[in-house]
Amino acid sequence: MDLEILTPSSVAEAAALRAEHGDEAKVIAGGTALVLMLRNRLIAPRYLISLNTVADPLREIHYQPGRGLRMGALVPIARAERHPAIRERYPALADTYHQVANIRVRWAATVGGNCTEADYASDPPALLIALGARVRVQGPTAAREIPLEAFFQDFYETALGPDEVLTEVLVPEPPPDLRAHYLKFVTRSSEDRPCVGVAVAARRDAAGRFTDLRVVVGAVAGTPQRVPEAEALARGERPSPPLFQAIGDAYARAIDPIDDIRGSAWYRQRMIRVLVPRALAAVTDATSEQRGV
Amino acid sequence: MVLREREPGTSAPVVVGQALPYLDAVERVTGAVPYTLNLELPGMLHVKLLRSPHPHARIRRIDPSGADRVPGVAYVLTGPRLLELGIGTHYGVVIQDKPIVAIDKVRYVGDIVAAVAAVDEDTALEALEHIAVEYEELPAVFDAEEALRPGAPLLFETLPPQRQTFADIIVHRAEGTNLCNHFKLRKGDVAQGFAEADELFEDVYSTPAAQHCPLEPHVVLAQWEPDGRLVVWSATQTPYSVRADLAELFRLPQAKVRVLTATLGGAYGAKSYIHLEPLAATLALAARRPVKLVLSRQEEFLEITKHPSRIYIRTGVKRDGTLTAREIRCYWSAGAYADISPRLIKNGGYASPGPYRIPHIKVDSYGVYTNLPPAGAFRGYGAPQAHWAGECQIDDIARALGIDPVELRLRNLLRDGDAFATSEQMHDVHFHELLREAAAKVGWGTPKPAPRPGKAIGRGVAVALKSTVTPSTSVAAVRVEADGSITVLSSTVEMGQGAKGILAQIAAEKFGVGYDRVRVVDPDTDITPYDQSTTSSRSTFSMGTAVQYAAEDACNQLRELAAGLLEAAPGDIEIAGGRVFVKGSPDQGLPIGHVLARTRRQQVLGHGTFVTEGGLDPETGQGVAAVHWHHAAGAAEVEVDLETGQVEVLRYHTEVYVGRAVNPRNARLQNEGSVILGLGQTFFEEMRYDDGQLVNGNLADYMIPSFEDLPGSLSSRFVEHPSGRGEAHGLGETAVPPVAAAIGNAIRDATGVRIRDLPLTPERVLRALEAQRAARPPAASSDHQAQGER
Amino acid sequence: MKRELTLRVNGREQRAVADTHHTLLEVLRRELRLFSVREGCGVGMCGACTVLLDGQPVSSCLLLAHEVRGRSIETVEGLAQGGTLHPIQEAFIEHTAFQCSFCTPGMILATKALLAENPDPTEEEIADYLAGNLCRCGSYLAIIEAVRAAAERWRAVGALR
C-alpha cells in the first residue's frame with residue numbers, strides 16, 4: 001500500500017488538494033470511519049489529506065447569544081457533548097452526541113466527519129436537521145453554507161463538492177420556547193447503532209399549542225426522514241396522545257424503511273409508529289427536564 | 001492476605017475456600033500477561049489466508065504463481081502443493097475430515113483455500129490478491145434437517161476416516177449421507193409412557209449459530225528444530241490433544257512434538273481441539289522458517305461457532321403433573337467439518353430430557369454436516385440448546401395443567417438415588433434447594449410490582465444439568481523444591497477462569513505453605529504431564545484431584561525421608577505449615593527444606609493421576625454419562641414493552657451447586673460471567689447467513705453484552721455440600737443453560753406468548769404479541785396485557 | 001510507504017519507522033513493544049486497544065500512527081511508577097476485576113479518564129462511561145466495584161496520578 005499523507009496548512013489548501021487529486025485522495029479528520037475502510041481495504045486512496053495540520057479554527061466551538069452555535073469541523077464529538085454552552089443552550093444536542101458509539105469513538109470522531117460520513121445509522125444527523133442546522137463548506141476559492149437537510153443525499157452521499165471541505169457545523173439560536181429531544185432505539189446491545197432514531201424539535205405558544213414542529217426519523221432510510229404534512233398536523237393543536245399517534249401513523253405511512261441486521265422493514269415501520277409519539281410525548285412532557293434544545 | 005484458621009490445634013493456614021487473588025494479578029493489571037499473541041520468533045513469517053467465497057464448490061484450478069512472485073513471499077500453500085509434501089493432509093479430533101487447505105472442494109464460505117507465508121502481514125495480504133482460483137459451484141445445504149434428507153447435496157462423497165480419540169465418543173454414520181453422528185438413547189418404552197399419560201405436549205424449539213468472541217483470537221506459532229522436532233505455541237485449551245494430532249499428521253513420535261500454551265485471552269470452548277496448528281506447522285515446514293498465524297476478528301467467526309439446533313420434543317404427563325415419557329429429536333448443524341460435534345450432540349442429546357424422573361425416554365440426536373462454518377464446543381456444550389427446549393416446554397405443561405411451574409418441577413426433579421435418562425443413579429444432587437432458592441430470589445409467589453404503562457411484568461424459572469466429560473484423565477506432578485517452595489506441573493490451561501490459582505490453593509493446602517510459595521507452570525508437553533483438556537468445567541475437579549494426589553505422593557516421600565531424621569514411623573509424621581513433624585509435637589519438627597537438605601535429596605517429585613470411569617451403551621445410551629453432574633437453577637423477572645417487544649430483565653438470580661468452592665471469588669466471577677454470556681445468547685447473539693454467506697461477522701454487526709446490558713439486579717449463589725467436604729465442581733458453564741429458558745418463561749408469564757426461537761429480539765417478541773392479538777379478541781388477552789399509554 | 005515518526009508515549013519521546021497506513025495500535029505493539037495494547041475487534045467496538053490520547057480514551061486501532069505525532073499517548077505500561085501500582089490497578093486486584101484480563105488495560109485506562117473527569121461516579125455513570133469496553137468473560141460487576149473503590153481511594157489520597 002502506497003499511501004502519502006498530505007498536510008495542508010489551510011482549509012483552502014486542503015480543498016485545492018482535493019481538486020487536484022480527485023478520487024485518489026481522501027480527507028481525514030478523526031479517522032474513525034476512514035481508517036476502518038482503509039484497514040479493510042474497502043478504499044485504497046493514494047493520498048490522505050490530513051486536516052490535523054490545518055490552523056486552529058476548525059477545532060473551536062463558538063456560541064453567541066442570538067447568533068447561535070458554530071462548531072469547527074474537527075471538534076471531537078465528546079468535546080461538543082461536554083461544552084458548557086451546548087449543554088446549557090442545546091441540551092438535546094449534547095445528549096445526542098453523548099449517545100454516539102462509545103467514549104473512545106467520541107473523542108476521536110469529529111462533528112464534521114460525522115456529517116460528511118453520512119452514515120444512515122448515525123445519531124446526530126436527525127437531531128441536527130430538527131434544529132435547522134447547516135454546514136459550511138470551503139472550496140479552493142469560495143465558501144458556501146448548505147442546510148443539513150439538503151446536505152445528506154443518500155447512503156454515504158452528500159452534497160459536498162469534489163473540491164470542497166466541510167469546515168463548520170452551524171446550529172441556529174434556539175427560540176426560547178423551543179424544546180427538543182432525541183430518542184435512540186436499539187434492538188440489541190446498548191452498544192448497537194440505532195434501529196430507529198427519532199428527533200423532535202417543537203415550539204409551543206403560551207397556551208401550549210404547537211406553533212412549529214419538526215420530527216426527523218433517522219436510521220430507517222438512506223437519509224434522515226421528515227414528513228412535513230405530518231408535522232403540519234400539530235400546528236395550532238395542543239399535545240395529546242391522539243395527535244401524537246396521528247403524526248406517528250403518518251410518518252409510518254410515508255416512510256419506506258430499510259431492512260438491516262437491527263430490524264426488518266416490517267419492524268421499523270411499526271417502531272416509527274410507536275416511537276414518534278413517544279418522542280413527542282417526551283418533548284412536551286411538563287415533568288421532563290428538557291429545556292432549551 | 002488474611003487466612004482463616006484451619007482446625008484447632010494446628011497453625012497451618014487454610015487456603016482452599018479462600019478468596020485469594022490470581023497468582024499473576026499484577027501482570028494482569030499492568031498489561032504484562034504473556035499471551036501467545038505477544039510471542040515473536042526470530043526470522044518468523046506472517047500468514048494470511050485465502051478463503052472460499054462459495055458455500056460449496058469444486059476447485060477446478062488454482063494458480064499461486066502470481067503470489068509466489070510477490071517480493072517478500074516465502075511460501076504459498078495450496079491443495080496440490082499440500083499433496084506433494086508427504087505429510088498427512090486431513091485432520092480432525094474425532095473425524096479426519098478437514099484438509100489443511102482445501103484440496104478438491106470448498107465446503108463453506110470462509111473455507112481455507114490457500115495460505116501465504118511472507119515477511120510481514122501486508123505482503124501476505126497483497127499476495128492473496130495474486131492467487132487465481134477457478135471454482136465450479138455446487139448446490140449447498142444450510143439446514144441440518146434438510147441436509148439429512150435423501151438427495152441433499154453431499155459434503156463428503158465418502159466417509160472420512162474416524163479415530164477412537166476419546167472413549168466416550170461412539171460414532172454412527174452412514175455412507176452417502178451428511179450424518180456426522182447419531183446418538184441414541186432408549187430408556188423404558190416411550191409408547192407405554194405416552195399411553196399412560198393424560199396429556200401430550202409436542203413442540204419445536206430452535207437456537208441460532210453464535211460465536212464465542214474471545215477477545216484474544218486463535219494464535220499459533222510453529223517452528224521446526226534442526227533435529228526434526230516440531231515446536232508449536234498455540235492458544236489452545238487442549239495442548240495434549242493438539243500434540244497427538246500433530247504427531248499423527250507429521251508422522252512423528254509424540255515425544256518429538258512439543259506444544260506450549262500460555263495464558264489465553266478467553267476461550268469459552270472456541271480454542272478446544274486442533275484448529276490452525278497443522279496449517280502453521282505445514283507452512284513452517286515448507287518455508288523452512290518459523291511462522292506466526294493470527295486470525296482476525298472477522299476470521300474468528302469463520303473458524304468455529306456454536307451449533308444451531310432444532311429440537312422436536314414430545315412429553316407425556318399425568319394430570320397431577322407426573323412426567324411419564326419424553327421423546328426428543330435434536331438436529332445440530334455441525335457445519336462443514338466435524339470438530340467435536342460427535343461428542344457434543346451426544347451430551348446435548350442426553351441432557352435434553354432435563355433433570356427429571358422420567359421412566360420412558362427416547363432421544364435421537366443428529367449432528368449433520370452443512371455448508372456453514374464448523375460448529376464445536378461452546379460454553380454449555382449443547383446443554384443451553386437442550387434446556388431451551390425442555391425447560392420452556394415444562395413451563396407450558398405446568399400452565400396447561402394449572403400447576404405452578406415451580407411446583408411441577410419440584411414434583412419431578414431428580415433426587416439422590418433416582419435414575420437419570422441414562423439410568424445412572426444420581427448422587428449429590430440438590431435441584432430442589434437450588435430451584436426453591438432461585439424462585440424465592442425473584443419473589444416467586446409474591447405479588448409482582450406494577451408495570452409501567454404499556455408494559456407487562458413476568459417471572460420465570462429454569463433448571464439445568466450438564467455432564468462433565470467422563471471418562472477422563474488428568475495427570476499432575478508436584479515438585480517440592482530445596483527451600484520448601486512448591487512447583488505444580490499441570491497441563492491445565494489458564495484461560496481466565498483462574499485455574500492456576502485454584503491448583504496452587506490445592507497444593508498449598510497440602511503442605512500448609514503460603515499460596516505465594518507455589519508456582520504453577522504453564523502447559524508445555526515437554527515438561528507438564530498429560531491432561532485431557534481444559535474443557536467441560538473439569539479442571540478444578542479433575543486436575544484439582546490429580547494435584548492433590550501428586551501433593552500427597554510428595555508428602556509421603558517427605559514422610560519417608562523425615563522418618564529417619566525424626567526417629568518416627570512415616571505414618572506418624574505430619575506435614576503442615578511448611579513443616580514436617582511428629583504428630584502431636586508440631587513445635588519439634590523441621591522445615592520441609594531442611595528435610596531435603598539433610599537427606600541430600602534437594603527435590604521431591606510427587607505424581608498424581610486421576611482417571612474417571614464411565615461410558616454409555618452405543619445403542620441405548622444407557623450407562624454412566626458423568627462422574628458428577630453440574631447443576632443450576634435460574635430465575636428471572638422481566639418487564640416487556642408491549643409496543644416494541646423490548647424486554648428488560650429487572651432481576652436475575654442464579655443458583656449453582658459447587659460441592660466445595662476452592663475460591664469463592666472466582667466462583668462468583670464464573671457464575672456472573674456465565675449469566676452475562678447467557679443473556680447475550682438469549683437476547684441478541686446470532687450469526688446471520690445469506691445463502692451461506694455470513695452477514696454480521698464483526699463486533700460492530702454481531703453484538704456481545706456490555707456493562708449496560710446487565711439486568712437491573714444480577715445475583716448468584718453457590719451451594720456447598722453441608723459436610724464442608726464436598727467434591728469440588730468446576731463452574732465454568734453451570735449457570736449458562738438456564739438463562740434463556742428462565743427469561744423465555746418470564747416473557748410467557750408477562751404476556752402469555754411463547755417464543756420458541758432464539759434470540760428473543762424485540763422484533764420476535766413483537767411478532768408473537770401481534771400474532772396473539774390477532775388470534776384472540778382483545779378482551780380475552782387483557783389479563784395478560786397492561787393498559788397501553790393511550 | 002515507510003516514514004519516520006516521533007511519538008510521545010508514557011512521557012517519553014519514542015522514534016519509530018512506520019508505514020503511513022499503519023495504525024497507532026500496530027506501531028505501539030510492533031515497534032514500541034507495548035503489549036498492553038491489544039487488538040480485540042479492529043473496529044473500535046471492544047476497547048482492548050484503548051490508549052489515552054492527550055488524556056482522553058481512544059481506540060488505537062482507528063488512528064493512523066502518523067496522525068497522532070506530537071500528541072501525548074499513555075498506555076498501562078506508564079501507570080505503575082517505581083514498582084508501585086496505580087490505585088486503580090490496586091483496586092482491580094483487590095476486587096479481582098478481571099478474568100482473562102485481555103480487556104483489563106483498556107478498562108483501567110478508561111477508568112483513569114473517567115475518574116479524572118468525575119471523581120465520584122455512580123454505578124450508572126461508570127456503566128455509561130465504560131459501556132464501550134467489552135469484557136467477554138463478564139466481569140462487569142466486579143469492575144464496577146473496583147472503579148468505585150478506586151474512586152474512594154482518589155478521594156482519600158486527594159489525587160490520582
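Strand β1 (residues 2–9) of chain C runs antiparallel to strand β2 (residues 12–19) of chain C, and eight bridges join the two. Two strands pair if DSSP finds at least two bridges between them. Across this pair, C:E4 stands opposite C:V17. The two strands form a hairpin with two residues between them, and C:N10 in the turn has a positive phi of about 50 degrees.

A word on the model before going further: it is predicted, with local features requiring pLDDT of at least 70 and side-chain atom pairs counting only at pLDDT 80 or more, while totals for chains, interfaces and linings use all residues. Residues are numbered from 1 along each chain as its sequence is written, and chains are lettered from A and ligands numbered from 1 in the order in which they are written.

**Chain C as a whole**

Chain C has five helices and five strands, and from the N terminus on its elements run β-β-α-β-β-β-α-α-α-α. The radius of gyration of chain C is 16 Å, close to the 15 Å that the globule rule gives for 161 residues, so chain C is as compact as a globular protein of that length. That radius is taken over C-alpha atoms, and the globule rule is 2.2 Å times the number of residues to the power 0.38. Along the principal axes, the C-alpha atoms of chain C fill a box of roughly 45 × 30 × 25 Å.

Of the 161 residues in chain C, 64% are buried. Buried stands for 20 or more other C-beta atoms within 10 Å of a residue's own, with C-beta atoms placed from the backbone. Two residues are in contact if their C-beta atoms, placed in that way, lie within 7 Å. Among contacts in chain C between residues at least 6 apart in sequence, 60% join residues at least 24 apart.

**Where the chains meet**

The contact between chains C and B takes 38 residues from chain C and 36 residues from chain B. On the chain C side, α2 (87–94), α3 (104–117), α4 (123–130) and α5 (140–157) each supply at least two residues. That side divides into 25 nonpolar, ten polar and three charged residues. For these classes, Ala, Val, Leu, Ile, Met, Phe, Trp, Tyr, Cys and Pro count as nonpolar, Asp, Glu, Lys and Arg as charged, and the others, Gly among them, as polar.

Chain B also meets chain A: 20 residues of chain B are in contact with 16 residues of chain A. The largest share of the chain B side, three residues, comes from helix α19 (residues 762–775) of chain B. By class, this side has seven nonpolar, four polar and nine charged residues.

**Inside chain B**

B:E574 has B:F581 as its bridge partner. Two residues lie between the strands, and B:G577 in the turn has a positive phi of about 60 degrees.

Chain B also holds an open sheet of four strands in the order β18-β28-β29-β32, with mixed pairing. β18 (455–467) and β32 (713–720) stand at the edges, each with a single partner strand, so one side of each is left without a neighbour in the sheet. Axes are lines fitted to C-alpha atoms, for helices over the stretch in contact, and angles run from 0 to 180 degrees between N-to-C directions.

What is the setting of helix α18 (residues 738–751) of chain B, buried or exposed? 14 of the 14 residues of α18(B) are buried, so the helix is largely enclosed by the rest of the structure. Just after α18(B), B:G752 takes a positive phi of about 85 degrees.

**The chain A sheet**

In chain A, three strands form an open sheet in the order β1-β3-β2, with parallel pairing. Helix α1 (residues 11–21) of chain A lies across β1, β2 and β3, running at about 155 degrees to β2(A).

Here are some of the paired strands side by side.

| Strands | Sense | Bridges | Bridge partners |
|---|---|---|---|
| β28(B) and β29(B) | antiparallel | nine bridges | B:A632 and B:V656 |
| β2(A) and β3(A) | parallel | four bridges | A:K26 and A:L48 |

Key: Buried ≥ 20, exposed ≤ 12 C-beta atoms within 10 Å, placed from the backbone.
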